[in-house]
Amino acid sequence: MTGDRVIDVRGLTKRFGEKTVVDHFDIAVPRGAIYGFLGPNGSGKTTTIRMICGLLIPDEGEGTCLGLDVRREATRIKERVGYMTQKFSYYEDLSIRENLDFVARMYRLDRRRQRVDAALADLGLTDRQNQLAGSLSGGWKQRLALAACLLHEPDLLLLDEPTAGVDPKARRDFWDEIRRLAASGVTVLVSTHYMDEAIQCDFITYIAYGKKLIDGPSAQIPAMVGLVTYRVSGPDITALEAALRQENGVEQVARFGTVLHVSGTDRAGLEGVAARYKEHGTHEWVEKTSELEEAFIYLMAGARDNFSRYAA
Amino acid sequence: MSISPARFFAVLAKEFIQMRRDHVTFAMMIGLPIMQLLLFGFIINSDARHLPTLIEMNDHGPLVRAVVSGMEISDYFDIQGTVSGVDAGESALRDGTAAFVVVFPRNFERDILRGLRPTLLVTADASDPSAVGGAVGALSGIVSVAMDQTFGGPLGQLAPSPPPFEVAVHKLHNPEGRTSTNIVPGLLAIILSMTMVMMTAVAIVKETERGTMEMLIATPVRPLEVMLGKIVPYVFVGYVQTAVFLLAGLTVFAVPFEGSWWAFFLGFNLYIVVNLALGFLISAAARSQMQAMQLSMFTILPSVLLSGFLFPFAAMPGWAQIIGNGVPATHFLRVVRTVMLKGGEVGDIAGDLWALVAILLVISSVAMLRYRQTLD
């Protein structure tokens with residue numbers, strides 16, 4: 001194993017026809033970490049995850065996953081990775097038990113019956129084991145999928161937007177489970193759209209249009225982006241928001257209920273704008289620490305620019 | 001690459017469970033052969049029987065009586081009664097009360113004995129030519145038989161040669177000219193190609209479409225294990241269909257089985273494999289179950305139209321025969337007809353078996369190429 005890095009890939013690139021879906025992507029994931037993988041739809045998150053677990057062969061790049069070569073040892077990687085797909089990918093016309101049993105047989109697990117029984121008991125689905133998987137609600141399907149990809153006790157979990165379409169309570173339970181797994185030494189790479197989930201991650205990497213924009217411990221992300229943010233409150237926020245968008249030095253105006261978070265990377269420019277508006281006295285301007293929220297909204301906007309340059 | 005039998009059997013078992021739960025497919029497997037057999041076997045019938053017939057008797061001798069009773073026995077003709085006069089006969093034909101009017105001329109028997117070649121006038125309702133063709137053909141035979149019976153014994157040498165009504169209707173292997181005897185064995189080729197191609201095509205695309213393929217290939221399972229595990233269940237389906245078909249064909253339609261079972265077994269297994277490979281090719285090319293269905297339909301048309309199932313192969317234009325030779329159903333159709341109706345052995349169908357092998361090689365190499373691409 002290369003140091004304590006469970007995933008260590010460099011320059012991963014995948015093209016589908018003319019389109020470069022993933023463009024020279026690097027990532028190093030330490031053991032036991034929860035690594036958040038963020039980015040807009042179609043940014044190449046799923047493709048990257050598929051390359052890491054050996055479902056797709058990268059066009060360029062190299063590296064290891066669990067110390068195994070991602071190009072040549074895909075089959076051995078698959079034996080130790082649990083991959084939870086974005087869409088429920090178990091058989092809706094098989095019962096809960098049959099699905100778990102099938103997965104156990106795919107990994108040729110010993111003590112199959114015991115393992116399946118234990119998984120059913122953990123899920124609390126022992127009574128409903130003969131119910132068809134298709135009849136489960138979204139939250140239960142997600143729990144079943146997680147149980148199925150944990151059956152073979154993988155060292156690495158790859159979760160592709162695992163909580164899409166799941167209610168907040170189920171999402172919280174799901175994340176409790178993820179943290180418990182990470183504490184027991186399982187490494188987790190999870191892609192998500194949700195800010196509240198991103199905050200749960202130890203590390204975050206942000207990818208847009210196939211390119212990595214930022215990567216680091218989540219606490220340092222706002223500083224890495226280098227945003228200055230003002231919290232602005234007062235009357236007629238909507239008109240103010242429109243006016244601020246026209247100002248030089250203001251790169252982003254995000255609305256949170258009745259307040260605006262006004263951010264920019266150019267401190268002097270933004271301070272100038274703030275000083276001018278403070279003179280009107282109608283609104284309260286307070287500088288605040290930039291949070292992940294602002295950082296992500298900023299990154300998303302940057303990615304759009306990035307793409308328009310890219311397309312031109 | 002090591003193949004795990006355990007994983008193969010896991011896929012196989014899963015496939016059977018899914019097959020059992022999918023009632024529509026299950027009904028199709030058993031219902032389709034029976035329905036087609038009944039529809040094609042009973043309804044497509046170019047050889048109509050029990051056609052209403054009127055007789056105009058101007059001679060009451062033993063020969064004429066023998067011909068009439070022969071006609072009654074043949075069950076082509078339902079003798080409704082006698083008429084007199086051309087007008088009465090023609091009006092009966094017009095309004096459909098009769099399909100045939102048979103006029104025995106005065107002194108018919110005497111003229112035959114004198115070698116005057118009298119004319120037996122058959123007026124037929126030819127609005128459906130194929131309906132009366134068989135009956136007209138049978139009539140000459142009936143008259144000849146009646147003459148043999150009447151002039152047999154000491155007067156046998158008087159039987160005219162060639163007999164005046166002898167029309168060369170020589171129906172080998174199917175002396176009664178029943179359409180179902182010809183259609184039913186051919187139908188096996190159509191039923192198998194329809195269900196085998198369609199079910200395999202859909203079965204594999206279904207995994208891709210429902211997203212389960214992604215889960216499957218994320219496990220250590222090998223492509224070959226998946227492929228075999230998914231295809232083998234349909235071989236069993238093919239066996240069940242053939243059993244249903246043979247049972248119904250041999251009992252309900254009384255189709256003969258003259259030839260070697262071994263030759264049949266060989267041909268039909270080969271044909272099943274060819275169809276499964278074709279289904280696999282379609283599933284590798286199709287992006288959705290809908291597309292797979294449409295592509296399957298595309299392969300079924302040539303099987304019906306160009307294989308010789310509906311139209312005699314030899315009567316098709318040359319270019320159509322060339323295309324028809326590339327259709328697996330063409331060769332299996334010949335195998336089944338040769339074995340069941342003509343008493344064929346393995347040697348008689350060797351050419352068609354080799355043709356099937358050649359088609360199989362082409363289809364499966366293309367399918368494997370496509371399959372490898374889709375996995376990446």
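**From one residue to the chain contact**

Modeller: Cys65(A) lies in strand 4 of chain A; helices (H or I, at least four residues) and strands (E, at least two) are DSSP runs, numbered from the N terminus. This is a predicted model, in which local features need pLDDT of at least 70 and side-chain atom pairs count only at pLDDT 80 or more, while totals for chains, interfaces and linings use all residues. Residues are numbered from 1 along each chain as its sequence is written, and chains are lettered from A and ligands numbered from 1 in the order in which they are written.

Colleague: Is Cys65(A) buried or exposed?

Modeller: Cys65(A) counts as buried because it has 29 C-beta neighbours inside 10 Å. The cut-offs are 20 or more other C-beta atoms within 10 Å for buried, 12 or fewer for exposed, and partly exposed in between, with C-beta atoms placed from the backbone.

Colleague: Which residues is Cys65(A) in contact with, leaving aside its neighbours within four places in sequence?

Modeller: They are Ile7(A), Ile52(A), Cys53(A), Val70(A), Ile77(A) and Leu156(A). A contact requires the C-beta atoms, placed from the backbone, to lie within 7 Å.

Colleague: What is the order of the strands in the open sheet of chain A?

Modeller: The order of its 4 strands is 2-1-4-5, with antiparallel pairing; two strands pair if DSSP finds at least two bridges between them. Strand 2 (19–30) and strand 5 (68–69) of chain A are at the edges with a single partner strand each, so one side of each has no neighbour in the sheet. Strand 4 (residues 60–65) of chain A is joined to strand 5 of chain A by 2 bridges, and Thr64(A) stands opposite Asp69(A).

Colleague: Which helix packs on the sheet?

Modeller: Helix 1 (residues 45–52) of chain A does, touching strand 1 (5–16), strand 2 and strand 4 of chain A, and its direction makes about 120° with that of strand 1 of chain A. Axes are lines fitted to C-alpha atoms, for helices over the stretch in contact, and angles run from 0 to 180 degrees between N-to-C directions.

Colleague: Changing topic, how many residues does each chain give to the contact between chain A and chain B?

Modeller: Chain A gives 22 residues and chain B gives 19 residues. On the side of chain A, helix 3 gives the most, with 5 residues. That side divides into 12 nonpolar, 3 polar and 7 charged residues. Here Ala, Val, Leu, Ile, Met, Phe, Trp, Tyr, Cys and Pro count as nonpolar, Asp, Glu, Lys and Arg as charged, and the others, Gly among them, as polar.

Colleague: At what angle do helix 3 of chain A and helix 1 of chain B pack?

Modeller: The angle is about 160°, with the axes 8 Å apart. The two helices, helix 3 of chain A and helix 1 of chain B, are therefore roughly antiparallel; angles under 35 degrees count as roughly parallel, over 145 as roughly antiparallel, 65 to 115 as roughly perpendicular and the rest as oblique.

Colleague: Which residues meet there, in helix 3 of chain A and helix 1 of chain B?

Modeller: Glu98(A), Phe102(A), Arg105(A) and Met106(A) meet Ala6(B), Arg7(B), Ala10(B), Lys14(B) and Ile17(B).

Technical notes. Two residues are in contact if their C-beta atoms, placed from the backbone, lie within 7 Å.
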